[in-house]
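Me: I would like to go through this model term by term, asking of each label what lies behind it. Please set each value against its definition before concluding.

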Amino acid sequence: MKMLINVAETVVADALRGMAAAHPELTVDVENRVIVRRDAPVPGKVGLVSGGGSGHEPLHGGFVGPGMLSAACPGEVFTSPVPDQMVRAAAAVDSGAGVLFIVKNYTGDVLNFDMAAELAEDEGIQIAKVLVNDDVAVTDSLYTAGRRGTGATLFVEKIAGAAAEEGQPLERVEALARQVNENSRSFGVALSACTTPAKGSPTFDLPPGELELGVGIHGEPGRERRAMMTSREIADFSVNAILEDMSPRNPVLVLVNGMGATPLLELYGFNAEVQRLLTERGVPVARTLVGNYVTSLDMAGASVTLCQVDEDLLRLWDAPVRTAGLRWGM
């Protein structure tokens, strides 16, 4: 496979150096693998820290900035960051108001953030944690006990980030993050496998003419494989899988997310089918976001995430945000 890299061993460090050059509003510590908003710590503000393996960009480093994360910790490709990174990030953003760790439900991330929380608290930093586990496709996957954390991570980071930006206390920011996760469900589909720089070839075998329904963001197996389906059929399967697991009473936020290699032309066409089915099912849509936000390197495919919102959650979603990967209202 052809890749726009130097060597596999430096791909994360090279990307961080490039990010630092493109975004002077961030402090990017290439050696220690921590990305921090340059004005941190903000007096009186709760710090938000997240992280995970690289390869899902713009998640998480692309969501550092006003209105969203205070810091992010990138690991090697598809590999959890280590506790030292998380403690360093927490110390960099702690104003005395506490720090919220936002953790996707993958075994390595959970273990390392738990250890980091203990270490940070030993240093006098108040820590709260929220686990994101929104994927309805499978339970107990390749790297996960319970449901996987996927597209809802964006909703959690944005809404909790807006609350923190307003100066809300740690307990409230944590409660909002937990509410967003509980209100969210996701389902993903792969049309092709992803390719990690270290391996240089597809991470799993997906024959031509087939797709993987319920794939994870590291290429973990989903519910089933089928012959290639139309955009309409994929939308029906994905949205119905979500609505089997939730019965929205309020309007929803919709994320139609590309896995990395699917063009916007196709994603917007897919969104049309998602919106059609939601209308048919009587689910009102408050806001829609379409694009590549929680990716899997060069995987072709898409995921759908729905999040029920009340007036307060919608207000926080609409609040200004300025990050490399998401910005409006500023």
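This is a predicted model: local features need pLDDT of at least 70, side-chain atom pairs count only at pLDDT 80 or more; totals for chains, interfaces and linings use all residues.

Reply: Residues are numbered from 1 along each chain as its sequence is written, and side-chain values use heavy atoms, with hydrogens and water left out.

Me: What makes residues 7-328 a named span, and what is the name?

Reply: The name comes from UniProt, where an unreviewed entry places the feature "domain: DhaK" at residues 7-328; UniProt positions are given in the numbering used here, feature names are shortened, and annotations may be inferred rather than shown by experiment. In the model the span is 32% helix and 24% strand, and its end C-alpha atoms lie 36 Å apart. Helices (H or I, at least four residues) and strands (E, at least two) are DSSP runs, numbered from the N terminus.

Me: Why is His-56 called buried?

Reply: Buried means under 20% relative accessible area, exposed over 50%, and partly exposed in between, with a 1.4 Å probe and protein chains only. His-56 has 1% relative accessibility and therefore counts as buried. His-56 lies in the loop between β3 (47-54) and β4 (71-77).

Me: Which residues are in contact with His-56, leaving aside its neighbours within four places in sequence?

Reply: Contact means heavy atoms within 4.5 Å, and on that basis His-56 is in contact with Phe-78, Ile-217, His-218, Tyr-293, Val-294, Thr-295 and Ser-296.

Me: What makes the pair of His-56 and His-218 a polar contact?

Reply: A polar contact is a pair of N or O atoms within 3.5 Å; within protein, one must be able to donate a hydrogen and the other to accept it, and residues adjacent in sequence count only if both atoms are side-chain atoms. The side chains of His-56 and His-218 make such a contact at 3.2 Å.

Me: How do you know where domain 1 and domain 2 lie, and what area do they bury between them?

Reply: Domain bounds come from an automatic or database domain assignment, which here gives domain 1 (10-183) and domain 2 (184-320). The centres of the two domains, taken over C-alpha atoms, are separated by 22 Å, and the contact takes 42 residues from domain 1 and 42 residues from domain 2. Buried area is the accessible area (1.4 Å probe) that two parts lose on being put together, summed over both; for domain 1 and domain 2 this is about 3,300 Å², 63% of it on carbon and sulfur atoms. Within domain 1, Phe-78, Phe-155 and Asn-183 lose the most area to domain 2, together 20% of what that side buries.

Me: How many salt bridges does the rule find across the interface of domain 1 and domain 2?

Reply: A salt bridge is a side-chain nitrogen of Lys or Arg within 4 Å of a carboxyl oxygen of Asp or Glu. Across the interface of domain 1 and domain 2 the rule finds three salt bridges, and there are also 21 residue pairs in polar contact, both residues at pLDDT 80 or more. On the side of domain 1 that touches domain 2, α4 (152-165) and α5 (170-182) each supply at least two residues, and the largest share, seven residues, comes from α4.

Me: What makes Glu-76 and Arg-33 a salt bridge, and is each of Glu-76 and Arg-33 buried or partly exposed?

Reply: The closest N and O atoms of Glu-76 and Arg-33 are 2.8 Å apart, and the rule asks for a distance within 4 Å. The pair links distant parts of the chain, 43 residues apart, with Glu-76 in strand β4 and Arg-33 in the loop between β1 (26-29) and β2 (34-37). Glu-76 has 34% relative accessibility and so counts as partly exposed, whereas Arg-33 is buried because its relative accessible area is 17%.

Me: Why are Arg-276 and Glu-280 separated by about one helical turn?

Reply: Arg-276 and Glu-280 are separated by about one helical turn because they are four residues apart in helix α7 (residues 264-280). Their closest N and O atoms are 3.3 Å apart, forming a salt bridge. Arg-276 is buried, with a relative accessible area of 17%, while Glu-280 at 53% counts as exposed. Salt bridges that share partners join Arg-232, Asp-236, Glu-273, Arg-276 and Glu-280 into one network.
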